[in-house]
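Reader: Please take me through the helix packing in this model, with the criterion behind each term.

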Amino acid sequence: MLVKLLIAVGVVAFPLPALYLGAGNLLKRPGLSVDEPADRASFLMLVFLRGLILLVVFALSAVTLVSAVGALIRGVELHGLVYVFFVLDLLLALVIVLSFGRRERRPVRRRATPAPR
């Protein structure tokens, strides 16, 4: 029972916030130019792959969460594949957070006029 509860809490605690952060930064440009066609093509590929990862994390989170809550309510054993889905969900959420899910820090603003020397 404790393992099922930990799996459900683990899905709610890490992959779902990563999904939220990743969806917010889905269309973020990583320093690409808008003018060049090669940059547009690579940006479209990047957005497609980010969307695919977000979709897979959403599906894995839904399946894992429904299975864990259902097993808690019914009192049955979890299937072995649920553990694999849980670990894969955590790893993909980590990829989201470390690659495009975090917010960029703004550069430090310099003063307009330096102090007189």
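**Helix packing and burial**

Author: Apart from neighbours within four places in sequence, Val97 contacts Phe14, Ala18 and Arg102, contact meaning heavy atoms within 4.5 Å. The model is predicted: local features need pLDDT of at least 70 and side-chain atom pairs pLDDT 80 or more, whereas totals for chains, interfaces and linings use all residues. Residues are numbered from 1 along each chain as its sequence is written, and side-chain values use heavy atoms, without hydrogens and water.

Reader: Why is Val97 called partly exposed?

Author: Buried means under 20% relative accessible area, exposed over 50%, and partly exposed in between (1.4 Å probe, protein chains only). Val97 has a value of 22%, so it is partly exposed. Val97 lies in helix 4, helices being DSSP runs (H or I) of at least four residues, numbered from the N terminus.

Reader: What makes Arg50 buried?

Author: Its relative accessible area is 8%, and therefore Arg50 counts as buried. Arg50 belongs to helix 3 and, not counting residues up to four places away in sequence, touches Asn25, Leu26, Leu27, Lys28 and Phe100.

Reader: Why is helix 1 described as roughly parallel to helix 2?

Author: The two pack at an angle of about 15°, with axes 3 Å apart. Axes are lines fitted to C-alpha atoms over the stretch in contact, and angles run from 0 to 180 degrees between N-to-C directions. Angles under 35 degrees count as roughly parallel, so helix 1 is roughly parallel to helix 2. Gly10, Val11, Val12 and Ala13 of helix 1 meet Pro15, Leu16 and Pro17 of helix 2.

Reader: How do you know that the buried residues of helix 2 line one face?

Author: The buried residues of helix 2 are Pro15, Ala18, Leu19 and Gly22. Viewed down the axis, they fall within an arc of 105°, so they line one face of the helix; the arc is that of the directions from the helix axis to the C-beta atoms. Exposed Tyr20 and Gly24 are on the face turned away from the buried side. The buried residues pack against helix 1 (2-13), helix 3 (37-74) and helix 4.

Reader: Which values describe the packing of helix 2 (residues 15-24) and helix 4 (residues 80-101)?

Author: Their angle is about 35° and their axes are 9 Å apart. The C-alpha atoms of Val97 and Ala18 are separated by 5.8 Å, although these residues are 79 residues apart along the chain.

Note on methods: Parallel < 35°, antiparallel > 145°, perpendicular 65-115°, else oblique.
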